[in-house]
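These are my notes on a structure I opened today. I wrote each entry as I looked the item up.

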There are 2 protein chains.
Amino acid sequence: MYHLEEIGEKAVLAKYALQTLSTDKKDQALNAVANAILARKQEILQANEKDWEIGENNGMNPGLLDRLKLSEERIEAMAEGLVQITKLQDPVGEIMDSFERPNGLLITKLRVPLGVIGIIYESRPNVTADAFGLCFKTGNAVILKGGKDAIHSNMAITAIIRETLDEEGINQDAVQLITDTDREVTNAFMKMDQYVDVLIPRGGAGLIRAVVENSTIPVIETGTGNCHIYIDEDADILKVIPIVMNAKTQRVGVCNACESLVIHENAAKKVLPSLGMALREKGVEIRGDKLVKSLIIGCVEATEEDYGTEYLDSIISIKTVPSIEKAIAHINRYSTGHSEAIITENKENARMFLKGVDSACVYVNASTRFTDGFEFGFGAEIGISTQKLHARGPMGLKELTTYKYEIVGKGQIRS
Amino acid sequence: MYHLEEIGEKAVLAKYALQTLSTDKKDQALNAVANAILARKQEILQANEKDWEIGENNGMNPGLLDRLKLSEERIEAMAEGLVQITKLQDPVGEIMDSFERPNGLLITKLRVPLGVIGIIYESRPNVTADAFGLCFKTGNAVILKGGKDAIHSNMAITAIIRETLDEEGINQDAVQLITDTDREVTNAFMKMDQYVDVLIPRGGAGLIRAVVENSTIPVIETGTGNCHIYIDEDADILKVIPIVMNAKTQRVGVCNACESLVIHENAAKKVLPSLGMALREKGVEIRGDKLVKSLIIGCVEATEEDYGTEYLDSIISIKTVPSIEKAIAHINRYSTGHSEAIITENKENARMFLKGVDSACVYVNASTRFTDGFEFGFGAEIGISTQKLHARGPMGLKELTTYKYEIVGKGQIRS
């Protein structure tokens with residue numbers, strides 16, 4: 001089927017070549033690719049126009065069309081992103097540990113590339129350059145499977161990267177694009193554990209679930225965020241509205257946006273009427289339990305399903321609880337393990353929340369919107385992991401590496 | 001089906017309880033369990049006898065019967081293993097990183113338990129106590145699914161652990177055993193990603209493959225070791241025989257045993273006749289290519305399949321190569337990524353091998369048998385990871401943890 005095996009074999013060959021590249025050489029190539037993208041902007045725009053026309057003719061919704069659309073500015077941002085990656089420290093080769101055993105064996109644990117990374121994503125052509133940049137800087141070969149609707153844009157961008165790598169004397173299979181966007185091919189790709197070391201889906205909950213269910217390659221789940229803010233009995237009311245409004249309304253379609261509020265019964269009367277007004281002014285639909293309904297005009301009754309939903313939209317669910325313990329239990333039940341915050345002036349409650357909530361990022365008195373590789377100072381981000389294996393929370397360059405043990409002896413044998 | 005959901009829900013509740021236990025409390029409970037195992041040795045022996053009788057009547061092979069068999073000494077070793085775990089440092093709570101962002105947010109990255117760990121293993125009842133001990137010390141709840149043939153032994157051991165935990169005032173669902181050993185139940189267990197954070201199969205290649213193919217829970221692949229030793233052109237002949245004999249014959253059924261030799265053509269004539277004799281004296285069957293056959297009497301021709309086989313038996317394959325590059329390529333093609341060694345006095349070749357071989361543990365002039373948590377000084381071992389996500393090589397206590405970010409603010413919002 002298709003030529004997936006060939007793609008896998010080429011990626012493995014490229015992986016060995018990439019592992020030996022110096023940081024300077026990699027940075028030089030990234031700069032060259034950035035320049036080529038700028039120089040060949042028109043090619044990318046033309047390809048993107050083709051995708052856009054097809055999308056429009058197929059009645060694609062405006063939100064998706066916007067994500068698909070490239071402009072001169074967006075292409076410049078793409079190139080700038082690659083230049084930024086050259087400025088980050090290369091984690092490959094870092095000595096993580098080194099020790100001598102009583103028998104004289106010298107053991108060194110050092111950071112190495114993962115090898116071959118597969119990335120399955122939706123129709124966002126900017127991911128193509130970005131994912132290549134992050135994988136390349138960390139010495140990994142990458143196989144990209146982008147959304148069908150962005151195929152022409154992705155082919156144009158990938159072609160520019162590959163030609164530039166070739167000019168730089170680097171194995172161009174450092175990046176390969178799967179151009180057959182049939183579901184069957186995608187499913188077969190997910191089973192290529194013989195060639196691919198890690199598979200990272202970037203996209204909505206449906207895409208991620210499909211990958212988790214079908215992949216035999218180890219997966220890093222990213223980006224599903226049913227994020228909660230808990231307003232404690234001892235919350236500073238002056239902090240509540242700014243934090244909640246920021247987390248809910250600054251950008252509604254992102255994974256670190258707040259989707260659900262949990263509030264102590266004793267704080268509800270004080271906080272909810274004004275908070276409800278602020279949310280409604282910003283056009284946020286409110287779905288709450290009985291107590292919430294009695295305090296916010298226009299609030300509709302929340303269903304069980306609401307509490308488990310990542311809306312990615314101007315909707316918020318609100319649940320009242322009689323205690324912080326119940327708040328933590330509710331959050332652990334419905335959260336996707338991404339980001340949760342408590343607003344409180346009570347140190348003991350803050351501590352209990354930090355310990356008790358089983359999520360990647362747990363906040364005290366701050367917006368959940370800070371869960372982001374750039375905001376954390378990592379300088380880059382391939383995604384936000386919501387699983388516990390390997391990486392949790394914002395994933396920067398280090399999270400695209402693994403380690404190996406080098407053991408040097410003088411003829412030791414085990415007794 | 002069965003009551004898997006109930007087991008999952010109980011494990012999640014236990015997980016939250018375990019996360020708050022102090023190291024002292026955990027160590028006290030481990031000691032109590034060790035004492036209870038010693039005190040109730042007879043119960044375990046009786047249960048084991050039942051398993052053994054059934055196994056014998058079913059014509060179980062002697063190797064498997066031996067692994068199934070518990071003696072007073074083996075039970076004492078089991079208890080001693082738990083006592084040893086109390087002496088290891090508790091990794092939970094370790095602050096891995098801590099930094100302040102320009103906006104004043106304080107970010108702390110700290111080590112926390114994984115949560116709920118599932119372990120699927122074969123009919124080795126000693127794994128039951130061992131897996132519990134390692135998971136418990138790291139604050140994880142564990143769900144065990146052992147081999148059908150050891151069910152009575154596993155039930156007896158688990159009952160003793162659970163009763164002791166209860167006496168210690170600890171949620172006894174810290175360990176649960178799936179007692180229905182039907183394949184259907186096992187398959188359903190592998191899909192319980194809603195409850196289980198990580199699944200670790202411990203056993204042969206078939207078991208591991210079944211888990212990789214069916215699980216929706218993130219898996220850590222362990223223990224398949226098609227380990228190679230490469231005898232370089234510049235090998236010290238005095239090191240070759242001791243290292244190869246140790247790696248191949250000290251214990252043939254273990255994952256870090258050598259299964260295949262790769263040898264430079266220029267070393268073959270010097271080394272193979274005497275090495276062949278030594279191997280044959282120890283009863284090792286040799287399968288090699290044409291050159292090997294011409295140098296070792298009784299060597300049979302190796303097939304393509306031989307090079308990819310983890311024998312776990314007194315058989316070795318031998319392949320000659322014209323260069324170290326070909327040796328590395330051969331090893332990367334057939335290896336399972338566990339452990340490989342080079343024997344050489346040439347520093348440049350040693351370096352090339354260390355860098356080029358894509359395995360968890362790469363040795364210079366030492367036996368592959370050292371790939372082991374105890375030999376590495378970790379004090380314990382849940383398995384040897386042959387994948388690249390999360391953990392690679394010997395996994396000790398740290399590898400049974402993940403991390404979370406705690407972020408403390410004063411009302412910060414994202415601009």
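**Salt bridges across the interface.** I looked up the salt bridges between chain A and chain B, and the rule finds 14 across their interface. A salt bridge here is a side-chain nitrogen of Lys or Arg within 4 Å of a carboxyl oxygen of Asp or Glu. I noted one pair, B:Asp197 with A:Lys388, whose closest N and O atoms are 3.5 Å apart.

**Source of the model.** I am working with a predicted model, in which local features need pLDDT of at least 70 and side-chain atom pairs count only at pLDDT 80 or more, while totals for chains, interfaces and linings use all residues. Residues are numbered from 1 along each chain as its sequence is written, chains are lettered from A and ligands numbered from 1 in the order in which they are written, and side-chain values use heavy atoms, with hydrogens and water left out.

**Polar contacts and elements.** I next looked up polar contacts across the interface of chain A and chain B, and the rule finds 47 residue pairs, both residues being at pLDDT 80 or more. A polar contact is a pair of N or O atoms within 3.5 Å; within protein, one must be able to donate a hydrogen and the other to accept it, and residues adjacent in sequence count only if both atoms are side-chain atoms. Several elements of chain A each supply at least two residues to the side that touches chain B, among them helix H1 (4-19), helix H9 (205-214) and strand S16 (401-412). Helices (H or I, at least four residues) and strands (E, at least two) are DSSP runs, numbered from the N terminus. S16(A) gives the most to this side of chain A, with 11 residues.

**Area.** How many residues are in contact between chain A and chain B? I found 75 residues of chain A in contact with 75 of chain B, contact meaning heavy atoms within 4.5 Å. The two chains bury about 6,100 Å² between them, 50% of it on carbon and sulfur atoms. Buried area is the accessible area (1.4 Å probe) that two parts lose on being put together, summed over both. In chain A, A:Lys388, A:Leu389 and A:Arg414 lose the most area to chain B, together 14% of what that side buries.

**Strands between chains.** I followed S16(A) to strand S13 (residues 361-366) of chain B, and the two pair in the parallel sense over five bridges. Two strands pair if DSSP finds at least two bridges between them. A:Ile407 stands opposite B:Tyr363 in S13(B).

**A sheet in chain B.** I found an open sheet of four strands in chain B, with the order S5-S4-S3-S6 and parallel pairing. Its edge strands are S5 (175-177) and S6 (198-202) of chain B, each pairing on one side only. Three bridges join strand S4 (residues 141-145) of chain B to S5(B), and B:Ile143 stands opposite B:Gln176 in S5(B). Helix H1 (residues 4-19) of chain B packs on the sheet, and its direction makes about 145° with that of S4(B). Axes are lines fitted to C-alpha atoms, for helices over the stretch in contact, and angles run from 0 to 180 degrees between N-to-C directions.

**Inside chain A.** I checked A:Glu213, which forms a salt bridge with A:Arg209, the closest N and O atoms being 2.9 Å apart. Both lie in helix H9 of chain A, four residues apart, about one turn of the helix. I also noted that helix H6 (residues 126-137) and helix H7 (residues 151-167) of chain A pack at an angle of about 35°, with their axes 9 Å apart.
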